[in-house]
Amino acid sequence: MAQNKPEVEPTEERYRAPALDKGLDILEKLAELDEGLSQAEIAAALDRKPNEIYRMLDRLVKRGYVVRTSVDQYQLSLKLFELAHRQSPMRRLVTQSIPHLRTFAVAAQQGCHIALYERGGLTAIAQVDAPGYWGFGIRVGARFGLLDSSSGHVLLAYASPEDQQFMLMQSEHRDVALAEGMEEKLAQIRIQGYEIMQSQQVEGVYNIAVPLLNSGGQAIAALACPWVKHLDHMNNPSRDAVLQLLFSTAENIRSGGVEP
């Protein structure tokens, strides 16, 4: 007689940590509110019994994540804020991105870099060279413009009209508004999610850039590859193939927890 095999439990259920989930639920609920809640109110909001969360609240208070007020309510302390700011967002972005950039460089046979907006222009904050004897890349710390780079176009495309104006006012283009053709171009970049353009600095180089998005859909930086065609071997990925690698790399960086 055939025996019924036990159903395979989903991974997210198999490795549940109920106590941890309960503590995180409390923190997330308190983070939604400007004022505190009593133990009974927290329990009601989380659809739990008050005695279920008593010990968890006690531990969160003792560890400094939650404070108990004089009117017997609970509020978030500043501890989570302090933890989040012990490491600068830029350093965190660079540290967590480098392994993904190295993986991209090997697969694409091209260099790549991350650039962000800073003081009217773009600054390269992370860079990995192409493997092999030669390649093209941008040094960390290099500065370049908004309107003459694919990275600048991508960051402008994902900025609000107000932010676009601010970015231009701070740049070398402060005296010019976006021309109608550029506005249409940025709108198209926003729709397609990338920019490919011939380099305006080096002949034979194509700049390919995609946005690094946070969970709110805002572009925190641009991930770019200065693509050059290798003539010394046949397995040089095409521009379209490199674009797809950039997309997957940007998603890997985002899902890996980079959230400045």
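These legends describe close-up views of a predicted model.

**View 1. Helix α7 is mostly covered.** The helix spans residues 150-157. Eight of its eight residues are buried. They are S150, S151, G152, H153, V154, L155, L156 and A157.

**View 2. Helices α6 and α10 cross at roughly 155°.** Helix α6 covers residues 89-108, and helix α10 covers residues 239-255. Their axes come within 10 Å. Angles over 145 degrees count as roughly antiparallel, so α6 and α10 are roughly antiparallel to each other. The crossing is right-handed. From α6, the residues in contact are L93, S97, H100, L101, F104, A107 and A108. They meet V242, L245, L246, T249, N252 and I253 of α10. This contact has nine nonpolar, four polar and no charged residues.

**View 3. K185 and E195 meet in a salt bridge.** The N to O distance is 3.2 Å. K185 lies in helix α9 (residues 180-192), while E195 lies in strand β6 (residues 195-198). The pair therefore ties together parts that are 10 residues apart in sequence. K185 is partly exposed, at 32% relative accessible area. E195 is buried, at 3%.

View 4. R254 is partly exposed, with a relative accessible area of 33%. E251 is also partly exposed, with 38%.

**View 5. D25, R48 and E52 form one network.** Salt bridges that share partners join these residues. The count of salt bridges comes to eight. Another of them links K29 to E32, with the closest N and O atoms 3.0 Å apart. E32 is exposed, at 55% relative accessibility.

Conventions. Residues are numbered from 1 along each chain as its sequence is written. This is a predicted model: local features need pLDDT of at least 70, side-chain atom pairs count only at pLDDT 80 or more; totals for chains, interfaces and linings use all residues. Side-chain values use heavy atoms; hydrogens and water are left out. Buried means under 20% relative accessible area, exposed over 50%, partly exposed in between (1.4 Å probe, protein chains only). Helices (H or I, at least four residues) and strands (E, at least two) are DSSP runs, numbered from the N terminus. Axes are lines fitted to C-alpha atoms, for helices over the stretch in contact, and angles run from 0 to 180 degrees between N-to-C directions. Angles under 35 degrees count as roughly parallel, over 145 as roughly antiparallel, 65 to 115 as roughly perpendicular and the rest as oblique. A crossing is left-handed if the near helix is turned anticlockwise from the far one by less than a right angle, and right-handed if clockwise. Contact means heavy atoms within 4.5 Å. Ala, Val, Leu, Ile, Met, Phe, Trp, Tyr, Cys and Pro count as nonpolar, Asp, Glu, Lys and Arg as charged, and the others, Gly among them, as polar. A salt bridge is a side-chain nitrogen of Lys or Arg within 4 Å of a carboxyl oxygen of Asp or Glu.
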